[in-house]
2 protein chains.
Amino acid sequence: MTVTLDLAGLHGSLSDPLLDSMNFLNEIVARHPDAISFAPGRPYDALLDTSAITQALDAYTEYLAEERLFTKEQIARQLMQYGPTNGIIRDLIARAVALDEGIKAPPEAFVITAGCQEGMLLVLRALFADPGDVLLVASPCYVGITGAARLLDLAVEPVLEGEHGLAPEAVAAAAQRIRAQGRRPRALYLVPDFSNPSGVNLPARARQALLDVAAEQDLLILEDNPYNFFYSYEGDPRPTMKSLDREGRVVYLGSTAKSAFPGARIGYVLADQSVRRADGSTTLLADELSKIKSMTTVNTSPIAQAVIGGILVRNGGGLRAAAEPAAAFYRENLARLLASLAKHFRPEPGGVAGVGWNHPEGGFFVVVTVPFAADTAALERAAAEFKILWTPMSDFYLGDGGARQLRLSCSAVPADQVDEGVRRLAAFVAAQAADAGAADATG
Amino acid sequence: MTVTLDLAGLHGSLSDPLLDSMNFLNEIVARHPDAISFAPGRPYDALLDTSAITQALDAYTEYLAEERLFTKEQIARQLMQYGPTNGIIRDLIARAVALDEGIKAPPEAFVITAGCQEGMLLVLRALFADPGDVLLVASPCYVGITGAARLLDLAVEPVLEGEHGLAPEAVAAAAQRIRAQGRRPRALYLVPDFSNPSGVNLPARARQALLDVAAEQDLLILEDNPYNFFYSYEGDPRPTMKSLDREGRVVYLGSTAKSAFPGARIGYVLADQSVRRADGSTTLLADELSKIKSMTTVNTSPIAQAVIGGILVRNGGGLRAAAEPAAAFYRENLARLLASLAKHFRPEPGGVAGVGWNHPEGGFFVVVTVPFAADTAALERAAAEFKILWTPMSDFYLGDGGARQLRLSCSAVPADQVDEGVRRLAAFVAAQAADAGAADATG
């Protein structure tokens with residue numbers, strides 16, 4: 001007799017639709033390779049070139065040899081042995097974050113992680129001590145953070161975004177409500193620049209106001225910022241919340257997946273908060289995150305770190321200049337996508353009633369509102385009949401929300417497919433709206 | 001005012017001595033670079049050669065191009081894009097495990113992980129659903145598993161090893177005791193081949209008997225096997241528990257840190273158990289682990305996977321032959337260590353009373369019993385006065401145990417330092433025993 005385990009006897013996260021939704025989406029995408037896909041938020045394939053890997057490895061080892069005076073044996077140890085849990089490129093990442101984002105912090109305040117996802121897991125594990133600790137998240141929300149919270153059985157409370165992103169007063173009200181329940185609102189997670197999935201760019205004034213709310217309500221802010229190289233408009237990007245942070249309220253989650261490439265799986269956490277021990281001594285929160293990391297992945301592959309380190313030393317210390325070809329592609333593709341939406345979705349009369357979309361000023365994502373349930377059944381039809389793929393917005397909500405919305409990503413679709421993709425989308429929306437209208441009329 | 005967090009308000013694992021002990025040990029080791037060190041269980045530095053990295057990357061891309069007929073664009077996507085959560089080298093790892101260990105399992109039953117540590121975390125998270133679920137561990141125990149359990153707030157019960165490792169009847173008794181308490185003994189973790197830290201090699205009969213106990217008690221077995229290439233004696237190694245497993249009781253945790261090198265951070269889990277969903281459909285446990293992995297690290301760096309994949313294709317599909325120079329070094333160094341112990345620790349009369357050690361037939365570790373507390377104070381003295389480093393065995397016990405024992409590792413010390421190291425150790429033990437005796441006499 002062979003052992004069969006019951007799913008119901010495994011951890012609850014495995015029965016949660018949250019962890020299934022992305023798998024299910026990937027499965028539909030995989031089943032329709034001939035479709036034009038606005039679904040994945042991944043970088044554009046044609047920007048990837050494997051010669052960058054060996055060039056970067058060479059640049060990093062040259063940097064070790066020439067600038068840090070490492071011997072051949074020391075280089076081998078650095079790249080191939082167990083290494084420090086908090087990483088070997090903290091100094092290079094600290095310099096890059098200063099150059100690229102204007103965030104000044106010492107290398108000791110960083111932990112290099114196996115992708116930003118591990119950073120989220122470490123931060124949540126460190127900060128959440130008690131069943132009454134609550135994580136606030138902007139809603140709709142990136143599933144990486146809610147999924148990590150689910151693994152740790154943490155309580156999560158969504159705070160609905162408005163048209164201009166999170167309203168600081170809504171966060172304050174949520175924190176007060178949670179505290180009134182005898183629970184502790186511990187931290188707020190958000191993506192201020194071109195949020196995934198809503199594409200909204202939080203106004204500068206709201207960033208400052210959220211920091212004020214965090215101080216009043218004794219919240220930490222988990223700022224996740226993968227898209228801030230990808231502004232569409234001229235002029236300076238909005239300040240990161242971390243760069244405005246005078247009190248140490250912000251834990252900054254960094255990714256190189258979009259600014260360099262995903263396969264390195266290099267993220268980082270900037271956690272410069274002080275932690276006070278019982279004996280009065282202090283450490284940095286980054287040190288505490290490292291202790292947790294020693295029990296999740298021990299250390300991040302130094303080979304992967306070396307690749308990112310090499311890209312940094314090859315590019316004057318930052319990633320912004322190296323990422324400019326990618327940024328230009330995304331900027332132009334977003335403009336194409338918005339132009340095609342305006343072209344193919346005609347206004348009423350003549351067009352489909354109840355269709356609209358937002359106009360993000362950068363990033364990867366546009367949200368389209370449709371007059372029918374944008375669910376997986378609709379997605380299956382769009383894929384099978386119209387050869388077009390997108391993501392249901394409802395996947396990004398805890399509980400209800402986003403039922404009649406879909407997310408379009410401009411990041412992974414070739415430029416010459418955008419217009420045809422939107423044409424197909426418009427045809428699908430018209431057909432589905434007509435059927436839904438007919439069903440309403442007869443139902 | 002700047003935010004200061006209280007350690008007491010962070011997750012309990014961060015106040016647990018368990019997570020601190022390894023950091024503390026590393027800190028002492030770092031403070032005494034001139035000491036001879038039997039402390040770290042890491043591979044020998046001089047076995048590492050960075051040219052292996054690029055050779056392996058080249059071999060893997062050549063394999064993709066020539067055997068799998070990948071285009072240049074497909075290769076770039078494979079190495080640099082987001083990839084499947086369960087990994088890109090599952091087929092190569094499945095073949096290696098079949099060749100090296102005689103374990104036959106399909107690629108779909110594997111998940112490639114960011115080091116074996118992540119594999120432990122995934123398995124624990126999947127299997128432990130309820131506060132009453134209990135993990136049994138061989139005691140003394142590798143801290144990676146107890147630390148991962150601590151992060152997830154899991155209940156852990158140690159089962160003491162005897163001279164020949166875990167006694168199956170002790171495991172059965174522990175499981176019965178736990179069940180009598182209304183809790184569920186869920187899984188047993190052990191390292192059958194040359195356990196870390198005890199060095200014990202579990203007899204073949206005990207392996208089979210433990211499988212029988214697992215069946216009777218409805219336990220899963222988490223078999224961690226980093227050292228099974230490192231037998232000192234001629235002839236076949238003992239069968240892995242997974243190779244004896246007819247029922248699917250064993251989840252096999254694999255590492256390439258010792259058989260290839262640590263810096264790739266590539267581990268794997270073989271989890272071929274069936275999981276039944278509420279609708280009667282089944283998946284593999286490996287699929288469920290992948291869902292959890294999507295929320296810990298998304299996917300393991302494909303560059304790191306490519307390095308291990310390249311080493312495999314360069315070596316006829318397995319790692320055993322490639323690891324033979326390392327295995328020869330460890331074999332000879334263990335023999336040197338045991339010979340030096342016999343030479344420098346003279347028997348009574350004349351020698352120090354109460355000193356003894358075990359005689360592992362392979363692996364990295366020897367346990368020495370001493371007539372005083374082998375604690376961090378003793379280690380500090382050994383390092384400062386005698387320039388010799390080792391690991392307190394008490395670090396590997398939950399609760400009491402190992403107070404008068406220390407672990408010596410032969411893996412990281414140069415061959416020509418072993419004898420001098422043991423000479424210093426003997427001098428330290430004599431001095432510390434004399435002082436402890438004097439303290440006993442006057443105390």
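Buried means under 20% relative accessible area, exposed means over 50%, and partly exposed lies in between (1.4 Å probe, protein chains only).

**Entry 1: ground rules**

I am reading a predicted model, in which local features need pLDDT of at least 70, side-chain atom pairs count only at pLDDT 80 or more, and totals for chains, interfaces and linings use all residues. I note that residues are numbered from 1 along each chain as its sequence is written, that chains are lettered from A and ligands numbered from 1 in the order in which they are written, and that side-chain values use heavy atoms, with hydrogens and water left out.

I checked confidence next. pLDDT is the predictor's confidence in each residue, from 0 to 100. Chain A has a mean pLDDT of 94, and 99% of its residues reach 70 or more. For the complex, the predictor gives an ipTM of 0.96 and a pTM of 0.97.

**Entry 2: B:Thr240**

Is B:Thr240 buried or exposed? I found 3% relative accessibility, so B:Thr240 counts as buried. I placed B:Thr240 in the loop between β7 (220–224) and α9 (241–244) of chain B. Helices (H or I, at least four residues) and strands (E, at least two) are DSSP runs, numbered from the N terminus. I then listed contacts, meaning heavy atoms within 4.5 Å. Leaving aside neighbours within four places in sequence, B:Thr240 touches residues including B:Glu101, B:Arg207, B:Glu223 and B:Tyr252.

**Entry 3: a strand pair in chain B**

I moved to strand β3 (residues 110–114) of chain B, where five of five residues are buried. Two strands pair if DSSP finds at least two bridges between them. β3(B) pairs with strand β9 (residues 266–270) of chain B over five bridges, in the antiparallel sense. I looked up one partner: B:Val111 bridges to B:Val269 in β9(B).

**Entry 4: aromatic pairs**

I took A:Phe110 and A:Tyr268: their ring centres are 6.0 Å apart and their planes are at 55 degrees, so the pair is tilted. A:Phe110 sits in β3 and A:Tyr268 in β9 of chain A, so the pair ties together parts 158 residues apart in sequence. Both A:Phe110 and A:Tyr268 are buried.

I also took A:Phe194 and A:Tyr231, an edge-to-face pair at 4.6 Å centre to centre, with 70 degrees between the planes. A:Phe194 is buried at 0% relative accessible area. A:Tyr231 is buried too, at 6%.

**Entry 5: a sheet and its helix**

In chain A I traced an open sheet of four strands, in the order β12-β13-β16-β15, with antiparallel pairing. Which strands are at the edges? They are β12 (356–357) and β15 (391–392), each pairing on one side only. Five bridges join β13 (residues 365–369) to β16 (residues 405–409) of chain A. Across that pair, A:Val368 stands opposite A:Leu406. Helix α12(A) packs on the sheet, touching β12, β13 and β16, and its direction makes about 15 degrees with that of β13(A). Axes here are lines fitted to C-alpha atoms, for helices over the stretch in contact, and angles run from 0 to 180 degrees between N-to-C directions.

I checked the length of α12(A) last. The expected span of a helix is 1.5 Å times one less than its number of residues. With 21 residues (324–344), α12(A) should span 30 Å, and its end C-alpha atoms are 30 Å apart, which agrees. Among the buried residues of α12(A) are A:Phe329, A:Tyr330 and A:Leu337.

Conventions:
Rings of Phe, Tyr and Trp (its six-membered ring) pair if their centres lie within 6.5 Å; planes under 30 degrees apart count as stacked, over 60 as edge-to-face and the rest as tilted.
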